[in-house]
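Subject: Structure for you to look at

Dear colleague,

I am passing on the structure below and would be glad if you looked through it with the notes that follow.

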Amino acid sequence: VEYYLDNIQRKQHLNAFLEVWADEARQQADAVDAKLAAGTAGKLAGMVIGLKDVLAYKGHTLQSSSHILDGFKSLFTGTAVQRLLDEDAILIGRQNCDEFAMGASNESSYFGPVRNDLDHERVSGGSSGGSAVAVQADMCLASIGSDTGGSVRQPAAFCGIVGLKPTYSRVSRYGLVAYASSFDQIGPLTCSVDDAALLLEVMAGPDEFDATVSHEPVPAYSRQLEPQAHYRVGYIRDTLERPGLAPDIKQAVETTIEQLRGQGHVVDAVDFPYLDYMVPTYYILTTAEASSNLGRFDGVKYGYRADDATDLESLYKKSRSQGFGQEVQRRILLGTFVLSADYYDAYYTKAQRVRRLIKEQTDELLRQYDFLILPTAPTTAFRIGENTKDALSMYLADIFTVQASLAGVPAISVPAGHDQQGLPIGLQIMGGAFREADLLAFAKHLT
Ligand code: GLN
């Protein structure tokens, strides 16, 4: 704990942590020491973990990096976080992220961008940017983030670490601030696949507080990491032919393909005609869900309240206008538009149908192949400010991560070397629903 506290102190300029729970972490460490001596310590004894600022932890500030939740403290601890504590993890602090997890660069945070430790002028990725940089810069052993359309995997790729999005419903969402409820999943950001497996094993499983959570048994992922001798792997031909794909990233995926073939695995190029529909479908559905989920922040029940309101309606309007940042407002407007009576069928209903099609075709590919491999992101970490002018280009950069989110299947980003500037490249592996054990074993084989 002292080691990490010291690093957090020395690396404050990265802006990864919004709050550090130094005294509590020390007390937890003492309690774990006593349990270790008594032989009663849990599976995560000694693991020092940070939490993205979207996870409820009783008595602690929870703000989703938004002004609108100023001063809000959580009244309960969410299921995933409680399970970490029950296995004697030590929680060291609350991590910066994009406001309400909306973003891919951590630049929409009310508290400012997180800086990549490899190059301070570059972004961390997002939305779990603080969580990724905290692991990258050795400020904690692991972080817990959330992934709606790539928010664990993409910052993991930008920071050269491992990021896992589990199957939708594998981990309870109780105590996770909702962005788009039919996509959101809690997932770990770690230095190794082993740590990701162990954390998933602890967090996953049935929970009476989340009606959507799966009742599939939870395997002991961390003890099933032996790879098989023969895998069938697919890659979508078009993913490697996208115009915006950086040549070094394409090269890294091709190198992996050659290596796998050399080891005797089957690797086939496959066709998937819906690549161009992924991002529009994702943004129609997630903004719709977000506009509904964020309706609860009205200046009355939580956090920030405008002090210049004259009546109830102006209280709502002013609190929301002043409390939400630009990106969140843009998404509420988009979501409200696609749900409006005149446009509902043209956008929302149609996007739901396209989602179903993408899910069915992705599931079909994942019956034919054990895994699909693809880049995590089209570029490595870009410069702070470089993409903030153009929201659309930022959205389009989610092209590779949203497929697993639309289909609800698990996906992991693992480090796959560096580009010519020395920036980390992420390789993404997608697996069949609830086949995290296979996914993790294969990911470990590749790292
Ligand atoms: N960049 C994507 C978005 O802004 C993903 C965010 C996320 O997974 N929370 O919606």
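In strand S2, Val48, Gly50 and Lys52 point one way while Ile49 and Leu51 point the other way, and all of them are buried, where buried stands for 20 or more other C-beta atoms within 10 Å of the residue's own, exposed for 12 or fewer and partly exposed for anything in between, with C-beta atoms placed from the backbone.

Two remarks on the source belong here. This is a predicted model, in which local features need pLDDT of at least 70 and side-chain atom pairs count only at pLDDT 80 or more, whereas totals for chains, interfaces and linings use all residues. Residues are numbered from 1 along each chain as its sequence is written. As for the labels, helices (H or I, at least four residues) and strands (E, at least two) are DSSP runs numbered from the N terminus.

S6 in turn pairs with S8 in the antiparallel sense over six bridges, with Ser146 standing opposite Ile186 in S8.

These strands belong to an open sheet of eleven strands with mixed pairing, in the order S1-S3-S2-S6-S8-S7-S12-S13-S11-S9-S10. Strand S1 (17-20) and strand S10 (266-270) stand at the edges with a single partner strand each, so one side of each is left without a neighbour in the sheet. Further along the order, strand S11 (residues 371-375) has five of its five residues buried and is therefore largely enclosed by the rest of the structure. S11 runs parallel to strand S9 (residues 232-236), to which two bridges join it, and pairs in the antiparallel sense with strand S13 (residues 424-431) over five bridges. Leu372 in S11 is the bridge partner of Gly234, and Leu372 also has Met430 in S13 as a bridge partner.

Helix H6 (residues 193-203) is mostly covered, with ten of its eleven residues buried. Its buried residues are covered by elements including H3, S6, S7, S8, S12 and helix H14 (436-446). After H6 comes Gly205, whose phi is positive, near 115°.

Another glycine, Gly325, lies in the loop between helix H9 (312-323) and helix H10 (326-339), and Gly325 is partly exposed, with 19 other C-beta atoms within 10 Å. Leaving aside residues up to four places away in sequence, Gly325 touches Ser66, Glu99, Ser108 and Tyr110, contact being taken as C-beta atoms, placed from the backbone, within 7 Å.

Finally, there is a ligand, surrounded by 13 residues, of which the closest are Ala101, Ala104, Thr148, Gly149 and Ser151; a residue counts as near if its C-beta atom, placed from the backbone, lies within 6 Å.

With best wishes

Technical notes. Contact = placed C-beta atoms within 7 Å. Pairing = 2+ DSSP bridges.
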